[in-house]
Amino acid sequence: MKLVIQIPCLDEEETLPRTLAALPRQVRGFDEVEVLVIDDGSRDATADVARAHGVHEVVRFPNHQGLARAFAAGLDHALQRGADVIVNTDADDQYDARDIEALVQPILRGEADMVVGDRDPSRLAHFSVAKRALQGLGSWAVRQLSSTTIPDATSGFRAVSRAAALKINVLSDFTYTLETIIQAGKKQIAVTHVPVRARPTERPSRLFSGASHYIRRSVATLLRMYAFYEPFKFFFLMGGVLIAASTLIGIRFLYNYVSDGGAGHIQSLILAGALLMIGAVTWLFGVLADLVGRNRQLSEEILLRMRRLELRAGSGPEARGAPPREDEAAPRRVADRRPR
Ligand SMILES: Nc1nc2c(ncn2[C@@H]2O[C@H](COP(=O)(O)OP(=O)(O)O)[C@@H](O)[C@H]2O)c(=O)[nH]1
Ligand SMILES: [Mg+2]
């Protein structure tokens, strides 16, 4: 069994040595522990610092591509290295590396394929009241959308099994945290959480430039995720609001028509008609978006099979001819073929 610990980094030369020094060299249940650093085009010496501290692989982007891409690239490289379990942690030493052992346990016991470290943000003294409230709200929205019970959705301290890492497709170009939980919920990836310790970090966030940036990006991410994973509901709701408004205005027109002949209220009639049409078209969009969504499911299935074939040609359990896990999906005649 191999554990790969991945750390996405942006300009982390200062805190990375401390983070790396704290990582466990051995973890119960694993024969090997490796460290992978993804340097997202840092302008400081992050990659050199990582190499100097003996990490097993540094993936360096020539330009800045964002945390979500770095996370996804990390999963890809960890899979290529033959990881059975992948742990993601932050470079700012926020998460206590001693908790890695607890984080991987639900996967080792076969109870989950994704484990999110729960910092209990409502009680984190070093978070401001506003940050705690925002995180609480964001986590609540993610729970609604994903039908999971994850209390701390923005936590970057996570463990994912090989099977889950193969299935996850990060599409956001901002952060992976919310999207991966929603995907886990939608793709029937068993997800759970364990309590972890978190330390205050003094350095400014690399991810957000301030509270308003944080809110804008999080709301945009959640709205997009909702449209993406529940397209029919999303457009049905939007169309419903328009049609409800059209009905109210229409009733107002009818009332005026009956009471005083409707003279001078023709604008209401036009507005009601226009809203009704836009609402109906929005519902039609919902049907289209639903069909597109089905198509995406097929594409994701193809991607999953391709990843397996790719990995089979390279290294890792697939290359050694290990059969895919039972629950990884339905009949897979192509993927099940032994390598020649
Ligand atoms: N690759 C990459 N990593 C990032 C980016 N922004 C933040 N990170 C890394 O993601 C982790 C969490 O970032 P941090 O600034 O601590 O976020 P916060 O704790 O949510 O404020 C750290 O390891 C950062 O180096 C980015 O744009 N690209
Ligand atoms: Mg941090």
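## A buried Asp93 and the structure around it

With 20 C-beta neighbours inside 10 Å, Asp93 counts as buried, since the cut-off for that class is 20 or more. Its place is in the loop between strand E4 (85–88) and helix H4 (100–108). Please keep in mind that this is a predicted model. The protein has 11 helices and seven strands, and its assignment gives two domains, domain 1 (2–218) and domain 2 (231–336).

**Overall layout**

- Along the principal axes, the C-alpha atoms fill a box of roughly 85 × 55 × 35 Å.
- The centres of domain 1 and domain 2, taken over C-alpha atoms, are separated by 30 Å.
- Of the 340 residues in the protein, 37% are buried.
- If we take the contacts between residues at least 6 apart in sequence, 73% of them join residues at least 24 apart.

- Most residues other than glycine have a negative phi.
- Asp93 has a phi near 60 degrees, which is a positive value in a residue other than glycine.
- You will find Gln188 in the loop between helix H7 (177–186) and strand E7 (191–195).
- Is Gln188 buried or exposed? Gln188 counts as exposed because it has 11 C-beta neighbours inside 10 Å, and the exposed class takes residues with 12 or fewer.

**Around ligand 1**

- Ligand 1 is surrounded by 18 residues, and the closest are Asp40, Ala70, Ala91, Ser205 and Arg206.
- Which elements supply at least two residues each to this shell? They are strand E1 (2–9), strand E2 (32–40) and helix H3 (67–80).
- Strand E1 gives the most, with three residues.
- Sorted by class, the shell around ligand 1 holds nine nonpolar, four polar and five charged residues.

**Helix H5 beside helix H8**

- The axes of helix H5 (residues 129–146) and helix H8 (residues 211–229) come within 11 Å of each other and cross at roughly 5 degrees.
- H5 is therefore roughly parallel to H8, as angles under 35 degrees fall in that class.
- From H5, the contact involves Ala130, Leu134, Gly138, Ala141 and Leu145.
- On the H8 side, these meet Ala211, Tyr214, Ile215, Ser218, Leu222, Met225, Tyr226 and Tyr229.
- The residues of this contact divide into 11 nonpolar and two polar, with no charged residue.

**Ala198 and its surroundings**

- Ala198 sits in the loop between E7 and H8.
- Why does Ala198 count as buried? The reason is that Ala198 has 21 C-beta neighbours inside 10 Å, and 20 or more is what the buried class asks for.
- Apart from neighbours within four places in sequence, Ala198 is in contact with Gln94, Tyr95, Arg119 and Leu124.
- Ser155 is 43 residues from Ala198 in sequence, with 9.9 Å between their C-alpha atoms in space.

Terms used
Residues are numbered from 1 along each chain as its sequence is written. Chains are lettered from A and ligands numbered from 1 in the order in which they are written. This is a predicted model: local features need pLDDT of at least 70, side-chain atom pairs count only at pLDDT 80 or more; totals for chains, interfaces and linings use all residues. A residue is near a molecule or strand if its C-beta atom, placed from the backbone, lies within 6 Å of it. Helices (H or I, at least four residues) and strands (E, at least two) are DSSP runs, numbered from the N terminus. Ala, Val, Leu, Ile, Met, Phe, Trp, Tyr, Cys and Pro count as nonpolar, Asp, Glu, Lys and Arg as charged, and the others, Gly among them, as polar. Axes are lines fitted to C-alpha atoms, for helices over the stretch in contact, and angles run from 0 to 180 degrees between N-to-C directions. Angles under 35 degrees count as roughly parallel, over 145 as roughly antiparallel, 65 to 115 as roughly perpendicular and the rest as oblique. Two residues are in contact if their C-beta atoms, placed from the backbone, lie within 7 Å. Domain bounds come from an automatic or database domain assignment.
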